[in-house]
Amino acid sequence: MFNLKWKHLGLTVVLLLSLLLAACGSNDEDAGNGNDDGDDNEVTESVSEQLDYTITGIEPGSGVVGSAEEATEVYDSLAGWEVATSSSGAMATALSEAIANEEPIIVTGWTPHWKFAKFDLKYLDDPEKVFGDEEVIKTMVREGLEDEKPNAYKVLDQFNWTAADMESVMLEIQNGADEAEAAQNWIDNNQDKVAEWTEGVEDVDGVKVELVYVLWDSEIASTNVVAKVLESKGFDVTITSVENAAMWESVATGNTDGMVAAWLPGTHGDLYAQFQDDLVDLGENLTGAKIGLVVPSYMDVDSIEDLQPNE
């Protein structure tokens with residue numbers, strides 16, 4: 001009788017354990033099917049959330065930043081977004097760090113720029129054309145330069161090159177070369193083009209020329225190259241970096257001789273409208289420039305409209 005009772009008790013315990021194990025297995029299956037609140041059911045943050053609805057910009061007042069700010073008003077997908085301004089150098093640093101960590105980032109970008117030679121990047125489609133179509137870079141000089149310094153005028157008037165030319169100088173500077181050294185290296189390797197810029201230009205003896213530029217990698221490259229070419233013809237050249245508005249004003253008022261850094265029609269459009277009657281437009285020195293919102297190619301977003309508003 002004693003053994004029989006224990007036998008029945010043992011069977012009962014085994015049955016209870018079996019039921020408990022079955023219940024646990026069922027819960028595990030439910031978790032795998034997404035029927036609980038486990039980690040597998042967490043919602044992944046969108047790209048917009050990961051970016052905290054922020055576009056990394058450059059200097060406040062620059063045309064590409066102004067267009068980016070306008071885009072936050074035009075596109076529903078950018079409603080509530082912020083354009084964080086800093087500098088072109090700080091933007092490039094933030095972009096480099098994000099790419100090193102394969103993190104998302106959206107920056108205000110432009111071409112030519114060394115970042116396109118170094119990284120795999122893409123522009124976000126801009127169906128509303130807030131950033132415009134292709135831009136050109138023009139040369140502007142002060143009134144009276146042609147009469148007072150005709151040989152400097154001729155070099156500036158004949159200066160033109162390609163985006164690939166500019167990017168090669170920019171990338172060398174980014175990789176650690178001195179700005180003037182990188183400019184001279186390009187000149188040494190492109191004597192045919194330089195000969196076109198200096199055709200008909202007479203040598204001078206220490207005639208002073210002052211050029212201004214904004215501290216963008218593109219304009220650092222172009223201004224240093226032009227300065228070196230002018231120096232090769234005997235000019236005493238000074239190059240001075242200033243803010244966008246000051247660059248235009250200094251040429252328009254005759255305080256400096258010229259610049260090769262006028263991005264039009266979008267980037268410097270408002271400044272051109274303000275000062276165009278007081279300076280001389282020598283035309284394009286580079287075509288095929290572009291501005292817009294730029295992201296690493298590994299990001300799964302192709303258009304501004306693919307983003308999400310900050311609601």
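User: Lys-233, is that buried or exposed?
Analyst: Lys-233 counts as buried, because its relative accessibility is 16% and the cut-off for buried is under 20%. Keep in mind that this is a predicted model.

User: Where is Lys-233 found?
Analyst: Lys-233 is in the loop between α11 (217–232) and β7 (236–241).

User: And which residues does Lys-233 touch, leaving out those up to four places away in sequence?
Analyst: Thr-198, Val-201, Glu-202, Asp-203 and Val-204.

User: OK, salt bridges. How many are there in the whole structure?
Analyst: The search finds 10 salt bridges. One of them pairs the side chains of Lys-193 and Asp-165, at 2.4 Å from N to O. Lys-193 lies in helix α10 (residues 191–197) and Asp-165 in helix α8 (residues 163–174), so this pair ties together parts 28 residues apart in sequence.

User: What about Asp-281, which side chain does it meet in a salt bridge?
Analyst: Lys-138, at 3.0 Å from N to O. That pair links distant parts of the chain, 143 residues apart: Asp-281 is in strand β9 and Lys-138 in strand β5 (residues 135–142). Lys-138 counts as buried at 18%, while Asp-281 is partly exposed at 29%.

User: Which residues are joined into a network by salt bridges that share partners?
Analyst: Arg-142, Glu-148, Lys-149 and Asp-257 form one network. Within it, the side chains of Glu-148 and Arg-142 meet at 2.9 Å, N to O. Glu-148 is exposed at 55% relative accessibility, but Arg-142 is buried at 9%.

User: Switching to the surface: which residues form the negative patch?
Analyst: Asp-76, Asp-125, Glu-128, Asp-300, Glu-305 and Asp-306. Taking Asp-300 from that group, it sits in the segment after β9 (279–296) and is exposed, at 73% relative accessibility.

User: Last one, the big picture. How many helices and strands does the chain have?
Analyst: There are 13 helices and 9 strands. Of the 311 residues, 45% are buried. The chain exposes about 15,800 Å², and carbon and sulfur atoms supply 46% of that area. Among contacts with a separation of 6 or more, 82% are between residues 24 or more positions apart.

Notes:
Residues are numbered from 1 along each chain as its sequence is written. This is a predicted model: local features need pLDDT of at least 70, side-chain atom pairs count only at pLDDT 80 or more; totals for chains, interfaces and linings use all residues. Side-chain values use heavy atoms; hydrogens and water are left out. Patches are made of residues with over 30% relative accessible area and no salt bridge: like charges are joined within 9 Å, nonpolar side chains (Val, Leu, Ile, Met, Phe, Trp, Tyr) within 5 Å. Accessible areas come from the Shrake-Rupley method with a 1.4 Å probe; for residues, only the protein chains shown count as cover. A salt bridge is a side-chain nitrogen of Lys or Arg within 4 Å of a carboxyl oxygen of Asp or Glu. Lys and Arg count as positive and Asp and Glu as negative; His and the chain ends are not counted. The place of a charge is taken as NZ of Lys, CZ of Arg, CG of Asp or CD of Glu. Helices (H or I, at least four residues) and strands (E, at least two) are DSSP runs, numbered from the N terminus. Buried means under 20% relative accessible area, exposed over 50%, partly exposed in between (1.4 Å probe, protein chains only). Contact means heavy atoms within 4.5 Å.
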